[in-house]
Amino acid sequence: MVAFSMRKVPNRETTEISHVLLCNVTQRVSFWFVVTDPSRNHTLPAVEVQSAIRMNRNRINNAFFLNDQTLEFLRIPSTLAPPTDPSVPIWIIIFGVIFCIVLVATMLLILSGIQQHRRKHKGPSEMEDTEDKCENVITIENGIPCDPLDMKGGHINDAFVTEDERLTPL
Amino acid sequence: MAGTPGPDPPADGGGEARPAWDSKLQYLLSCVGFAVGLGNLWRFPYLCQTYGGGAFLIPYVVALAFEGIPLFHIELAVGQRLRRGSVGVWTAISPYLGGVGLGCFTVSFLVSLYYNTVLTWVLWYLLNSFQHPLPWSACPLDLNRTGLVQECRDSSPVSYFWYRRTLNVSADISDSGPVQWRLLLCLAVSWAVVYLCVIRGIETTGKAIYFTALFPYLVLTVFLVRGLTLPGAMQGLTYLFTPDLRVLQSPRVWLDAATQIFFSLSLAFGGHIAFASYNPPRNNCRRDAVSIALVNSMTSLYASIAVFSVLGFKAASDHGQCLDRNILHLINAFDLPEQSVSRDTYTAALARLNASQPARVAGLPLEACRLEDFLDKSASGTGLAFIVFTEAVLHMPGAPVWAVLFFAMLFSLGLSSMFGNMESIITPLLDLGVMPRRVPKEVLTGLACLLCFLTATCFTLRSGSYWLEIFDQYAAALNLILLAFFEVIGVVYVYGMKRFCDDIAWMTGRRPGFYWRATWKVVSPLLLLTIFVAYTALLASSPPRYKAWNPRYERFPSRQEKPYPGWVLAACALLSFLPTLWVPVVALGQLLARCREKTRDPLQDGRPKPRGGRAC
């Protein structure tokens with residue numbers, strides 16, 4: 001793999017496997033290596049080797065089914081893959097959807113409110129409304145509240161409740 | 001007592017009936033939705049955890065029985081009888097007490113400002129949850145793509161997303177920075193949703209509440225089921241609920257229980273008064289008060305079970321990762337075969353290696369991994385929701401789904417509380433007749449929401465979250481306690497206990513028993529006074545400080561404790577007392593007006609005035 005990487009570098013197309021020398025091989029698969037030039041006279045500078053490895057890092061990893069965390073080259077920082085940025089951030093899309101829905105619903109409610117308003121002003125007295133009002137408004141006579149007969153609570157007869165206390169004591 | 005004019009029944013001008021609930025269920029759901037809010041989810045579990053687990057329930061129940069339920073009953077009864085919003089009710093009981101209503105109104109306004117800002121943050125997270133992987137799962141890359149962003153690497157992806165990508169928080173409260181346009185957009189949508197739901201008062205909130213009050217329970221159940229089936233959940237539950245009765249000796253527990261009940265039920269906001277004023281006059285408000293208070297407390301418990309099971313899972317997975325890191329160190333150092341040491345055999349392997357080669361073992365950077373340490377990491381408030389829980393959600397399979405569910409639940413929990421807040425702002429405005437009759441209600445609610453939105457933009461500055469903490473601590477707490485105290489005193493001693501009991505007997509069919517009368521007359525006012533004094537003492541004992549997120553701090557990612565600058569302290573003091581100042585101001589104003597009337601017309605002194613057939 002190392003030889004293959006070196007072959008990708010211009011001027012180094014003739015690197016062979018025999019030009020890669022290993023040393024310090026340990027049980028847990030770690031080793032030092034150097035690459036010599038074809039004449040085997042001197043080793044290539046580290047910078048060149050590092051840049052070559054970095055270019056083909058992905059291929060080396062895939063050949064061993066490893067990744068940058070499990071196959072480490074000392075002193076070669078990994079170039080991290082950029083995150084996939086969609087052209088429009090996702091939150092703006094959802095925001096647009098929600099905003100449009102809220103806007104449309106508000107418009108509908110306002111329009112229906114205006115319609116109701118107009119209808120109420122056109123029809124002067126509608127009996128249903130007054131009947132509804134009777135249930136909730138406490139009628140006032142002489143400044144004293146007295147409650148109409150309660151339609152719902154049948155077990156308390158208002159006529160016989162001690163309403164006397166609400167009238168003027170003399 | 002004879003001189004106090006009786007409560008005038010509301011003369012809704014213009015011939016329009018007071019709006020009414022479509023059904024009793026709507027009313028109950030609205031009150032439950034108002035009471036059940038974000039605090040049930042992120043404050044109660046934290047208190048349970050800090051104060052000895054199950055033992056915290058004892059002061060909680062005591063506070064509920066002697067403070068929560070009696071005060072709640074008073075609010076519902078008074079609103080239902082006098083059929084007005086908070087300002088109208090207190091003015092009707094006595095003109096001198098009108099300031100209480102105005103104080104409630106002001107506090108509701110201040111609270112709705114910052115509460116909706118929290119909903120804005122929740123909405124932002126909700127919008128960002130619709131993607132996989134979640135944006136807070138990994139750190140972004142730095143500029144030359146060789147590593148991760150420094151700030152994120154030092155803290156954690158979740159904290160980075162919260163402090164930098166969401167809040168873009170500044171390092172100091174005086175450094176306001178520009179308005180964050182993302183948060184501003186979310187704030188606009190948040191207020192638009194609130195406006196949509198309160199546009200016609202209870203007519204529209206009554207429909208919306210069916211969803212916003214019930215949806216959180218559904219999601220809580222789903223989370224409960226999911227949480228209980230996760231590994232580590234049971235350890236979380238047992239550890240966090242195991243009672244430690246020794247904590248009951250510290251008075252701080254009782255204070256926190258009392259304040260938690262108080263704020264949890266949303267008392268003294270005026271919202272419950274407003275809701276009850278739309279009831280038919282004969283309605284069993286006592287049963288409503290007890291049932292709603294109990295539902296609120298049950299929800300707190302239910303939520304804390306769900307929360308603790310998820311937190312237990314998170315602690316277990318963090319503990320497992322800690323063990324994995326230690327195992328990796330051991331394997332690397334001693335050249336052991338891969339996977340020869342598992343999480344279960346780690347302690348035995350460590351002991352064996354320590355016995356044979358202690359020097360080498362001592363040189364390794366091993367961390368102490370104890371499950372209890374991870375379980376003890378408690379958080380409340382925004383820390384729980386936006387940092388701890390979001391991290392827990394990352395480990396669950398199908399993370400975006402759980403994130404969407406969680407934040408949707410938080411949003412609807414907060415929204416239903418916002419309905420109550422807005423009701424306590426809008427109903428007094430309507431009752432006071434601020435706008436002419438011709439102007440439709442939609443315009444009034446629109447103006448109110450617009451004003452709140454514009455004022456709340458100050459929370460979207462870079463220092464916004466520091467200001468929100470200030471509002472949370474100072475604007476609401478003391479004012480509500482004082483206002484509630486005035487409420488109880490006003491009803492029991494100014495309106496008259498006898499008259500109040502008569503009213504309740506007329507509305508519910510039964511006079512209040514000894515428990516009610518005793519708590520109203522003696523226990524609740526005393527409790528409120530004690531809480532006020534203790535709370536003030538607590539706030540005054542330590543100089544107010546805040547925790548700033550400063551990447552340049554030496555001990556980053558710990559937050560830097562800084563004191564507030566002078567002008568901020570002045571703002572805190574103003575917030576703490578301004579709403580309650582309405583009470584003496586209005587009382588004095590009324591006194592002066594009466595004196596001026598008497599001096600203007602001295603003949604009227606001492607003679608009985610026949611006024612339309614009613615004797616004074």
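Student: Which of buried, partly exposed or exposed does Leu591(B) count as?
Tutor: This is a predicted model, in which local features need pLDDT of at least 70 and side-chain atom pairs count only at pLDDT 80 or more, while totals for chains, interfaces and linings use all residues. Residues are numbered from 1 along each chain as its sequence is written, chains are lettered from A and ligands numbered from 1 in the order in which they are written, and side-chain values use heavy atoms, with hydrogens and water left out. Relative accessible area, taken with a 1.4 Å probe on protein chains only, sets the class: buried is under 20%, exposed is over 50%, and partly exposed lies in between. At 42% relative accessibility, Leu591(B) therefore counts as partly exposed.

Student: Which helix holds Leu591(B)?
Tutor: Helices are DSSP runs (H or I, at least four residues), numbered from the N terminus. Leu591(B) falls in the run of residues 566–600 of chain B, which is helix H24.

Student: What distance separates the C-alpha atoms of Leu591(B) and Val522(B)?
Tutor: Along the chain, Leu591(B) and Val522(B) are 69 residues apart.

Student: Are H18(B) and H19(B) roughly parallel or roughly antiparallel to each other?
Tutor: Axes are lines fitted to C-alpha atoms over the stretch in contact, and angles run from 0 to 180 degrees between N-to-C directions. Helix H18 (residues 382–395) of chain B packs on helix H19 (residues 399–432) of chain B at an angle of about 150°, and their axes are 9 Å apart. Angles under 35 degrees count as roughly parallel, over 145 as roughly antiparallel, 65 to 115 as roughly perpendicular and the rest as oblique. H18(B) and H19(B) are therefore roughly antiparallel.

Student: How many residues of the contact of H18(B) with H19(B) are nonpolar?
Tutor: With contact meaning heavy atoms within 4.5 Å, the H18(B) side includes Phe386(B), Phe389(B) and Thr390(B), and the H19(B) side includes Trp402(B), Phe406(B) and Phe407(B). Ala, Val, Leu, Ile, Met, Phe, Trp, Tyr, Cys and Pro count as nonpolar, Asp, Glu, Lys and Arg as charged, and the others, Gly among them, as polar. The contact has no charged residue and one polar residue; the nonpolar residues number 11.

Student: How many of the eight residues of H5(B) are buried?
Tutor: Helix H5 spans residues 86–93 of chain B and is mostly covered. Its buried residues, among them Val87(B), Trp90(B) and Ile93(B), pack against helices including H4 (57–82), H6 (98–127) and H22 (477–508) of chain B. Of the eight residues, the number buried is seven.

Student: Which cysteine is joined to Cys139(B) by a disulfide?
Tutor: A disulfide is a pair of cysteine sulfur atoms within 2.5 Å, and the search of the whole structure finds two over all chains. Cys139(B) lies in the loop between H6 and helix H7 (150–154) of chain B and its partner in helix H7, so the pair ties together parts that are 13 residues apart in sequence. At an S to S distance of 1.8 Å, the partner of Cys139(B) is Cys152(B).

Student: Is the disulfide of Cys322(B) and Cys369(B) left-handed or right-handed?
Tutor: Cys322(B) lies in helix H14 (residues 285–334) of chain B and Cys369(B) in the loop between helix H16 (358–362) and helix H17 (371–376), so the link ties together parts that are 47 residues apart in sequence. The torsion about the S-S bond is about -80°, so the disulfide is left-handed.

Student: Which cysteine sulfur is nearest to that of Cys449(B)?
Tutor: Cys449(B) counts as buried, at 3% relative accessibility. Cys449(B) is in no disulfide, and the nearest cysteine sulfur, 6.5 Å away, is that of Cys452(B).

Student: What is the omega of the cis peptide bond that joins His132(B) and Pro133(B)?
Tutor: Pro133(B) sits in the loop between H6 and H7 of chain B. Most peptide bonds are trans. The bond from His132(B) to Pro133(B) is cis, with an omega of about 0°.

Student: What is the relative accessible area of Ser266(B)?
Tutor: Ser266(B) has a positive phi of about 55° although it is not a glycine, and its place is in the loop between helix H12 (251–264) and H13 of chain B. Ser266(B) is buried, with a relative accessible area of 6%.

Conventions: Helices (H or I, at least four residues) and strands (E, at least two) are DSSP runs, numbered from the N terminus.
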